[in-house]
Amino acid sequence: MDFSQVLTTTGTMIQETSFAEWMGVCTSIIYLLLATYEKRSCWYFALTSSILYVYLSFAGQLYVDSVLNIFYALMAVYGWFLWNQQKSDSDNHIQHFNLKWHVQWISVALITGMITGWLLKKYTDQAYPYIDSIAFYLSILATWMTTKKVLENWIYFVLIDATMIFIYFNRGYFLTSFLFLAYTLLALRAFYTWRKVYLQQQS
């Protein structure tokens with residue numbers, strides 16, 4: 001494929017992208033950038049993008065993702081109130097959870113995800129039931145960690161977002177697949193930003 005074909009394909013993808021998807025992508029990126037610097041306003045954009053992706057995911061037969069975005073919307077409200085109440089320096093500290101904690105909860109997410117994936121494969125037309133189900137439970141865990149300012153949440157999101165690039169691209173949401181590529185890179189940046197703050201706290 002030469003450069004002109006790349007431009008033509010890109011132009012077609014942009015034209016086929018709905019207004020809802022454009023808004024979902026923009027608000028999602030703004031959320032992540034603000035969350036990187038621990039800005040409470042990030043939750044406004046998280047709520048908006050989550051509501052948009054409830055609809056987009058359902059339309060793309062990604063029912064698990066639709067439910068996940070309902071959870072994201074609820075956690076956006078919870079995160080806003082929680083970060084609003086964090087007034088002392090100790091409340092604002094970034095936390096670190098030990099390896100044992102992560103192994104335990106990742107195991108729970110994997111087992112539950114496999115069971116859910118089997119049920120979805122058997123009874124629905126859910127796309128990528130096993131991958132999406134496991135990502136669903138890991139995303140719940142990672143989002144909860146974000147509200148609690150747990151450093152490792154960004155590592156979870158790097159892995160989840162990298163997986164979602166493939167899923168959304170194959171469902172025809174090209175712009176969203178590029179969003180998750182940006183998410184992956186921004187989550188890496190956010191991890192190193194939070195890690196720097198965490199190390200400063202320890203010293």
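What percentage of the 203 residues in the chain do buried residues make up? Buried residues make up 43% of the 203 residues, where buried means under 20% relative accessible area, exposed means over 50%, and partly exposed lies in between, with a 1.4 Å probe and protein chains only.

Before you select anything, note that this is a predicted model, in which local features need pLDDT of at least 70 and side-chain atom pairs count only at pLDDT 80 or more, while totals for chains, interfaces and linings use all residues. Residues are numbered from 1 along each chain as its sequence is written, and side-chain values use heavy atoms, with hydrogens and water left out.

**The whole chain**

Begin with the cartoon view of the chain, whose secondary structure comes to nine helices and zero strands; helices (H or I, at least four residues) and strands (E, at least two) are DSSP runs, numbered from the N terminus. Along the sequence the pattern reads α-α-α-α-α-α-α-α-α. Among contacts between residues at least 6 apart in sequence, 72% join residues at least 24 apart, and contact here means heavy atoms within 4.5 Å.

**Helices α2 and α9**

Next, select residues 19-36, which form helix α2, together with residues 174-202, which form helix α9. Two packed helices are described by the angle between their axes and the distance between the axes. The axes of α2 and α9 come within 9 Å and cross at roughly 5°, where axes are lines fitted to C-alpha atoms, for helices over the stretch in contact, and angles run from 0 to 180 degrees between N-to-C directions. The two helices α2 and α9 are therefore roughly parallel to each other, a term for angles under 35 degrees, with over 145 called roughly antiparallel, 65 to 115 roughly perpendicular and the rest oblique.

Show the side chains where α2 and α9 touch: among them are Trp22, Val25, Ile29 and Leu32 of α2, and Leu179, Tyr183, Leu186 and Trp194 of α9. The residues of this contact of α2 with α9 divide into 15 nonpolar, four polar and one charged. In this grouping Ala, Val, Leu, Ile, Met, Phe, Trp, Tyr, Cys and Pro count as nonpolar, Asp, Glu, Lys and Arg as charged, and the others, Gly among them, as polar.

Stay on helix α9 and pick threonine 184, which is buried, with a relative accessible area of 10%. Its side chain reaches the backbone oxygen of phenylalanine 180 at 2.7 Å. If you leave aside neighbours within four places in sequence, threonine 184 is in contact with Val158, Asp161, Ala162 and Ile165.

**Helix α4**

Move to residues 63-85, helix α4, which has 23 residues and reaches 34 Å from its first C-alpha to its last, close to the 33 Å expected at 1.5 Å a residue; the expected span is 1.5 Å times one less than the number of residues. The buried residues of α4 include Val64, Leu68, Tyr72, Met75, Leu82 and Trp83. What covers the buried residues of α4 includes α2, α3 (42-59), α6 (99-123), α7 (129-147), α8 and α9.

Which residues does serine 66 contact, leaving aside its neighbours within four places in sequence? Serine 66 of helix α4 is in contact with Val54, Ser57 and Phe58, and at 7% relative accessibility serine 66 counts as buried. Serine 66 and leucine 56 are 10 residues apart in sequence and 7.6 Å apart in space, C-alpha to C-alpha.

Now select helix α7, which has 19 residues and reaches 27 Å from its first C-alpha to its last, close to the 27 Å expected at 1.5 Å a residue. Helix α7 is mostly covered, with 14 of its 19 residues buried.

In helix α8 (residues 153-170), pick tyrosine 156, which is buried, with a relative accessible area of 8%. Not counting residues up to four places away in sequence, tyrosine 156 touches Trp101, His102, Ile106, Leu138, Leu141, Ala142 and Met145. Tyrosine 156 and isoleucine 106 are 50 residues apart in sequence and 9.8 Å apart in space, C-alpha to C-alpha.

**Positive phi angles**

Glutamate 38, in the loop between α2 and α3, has a positive phi of about 60° although it is not a glycine, and glutamate 38 is partly exposed, with a relative accessible area of 24%. Tyrosine 128, in the loop between α6 and α7, has a positive phi near 50° and counts as partly exposed at 25% relative accessibility. Finally, α7 is followed by lysine 149, whose phi is positive, near 55°.

How values were computed:
Polar contact = N/O pair within 3.5 Å; in protein donor to acceptor, adjacent residues only side chain to side chain.
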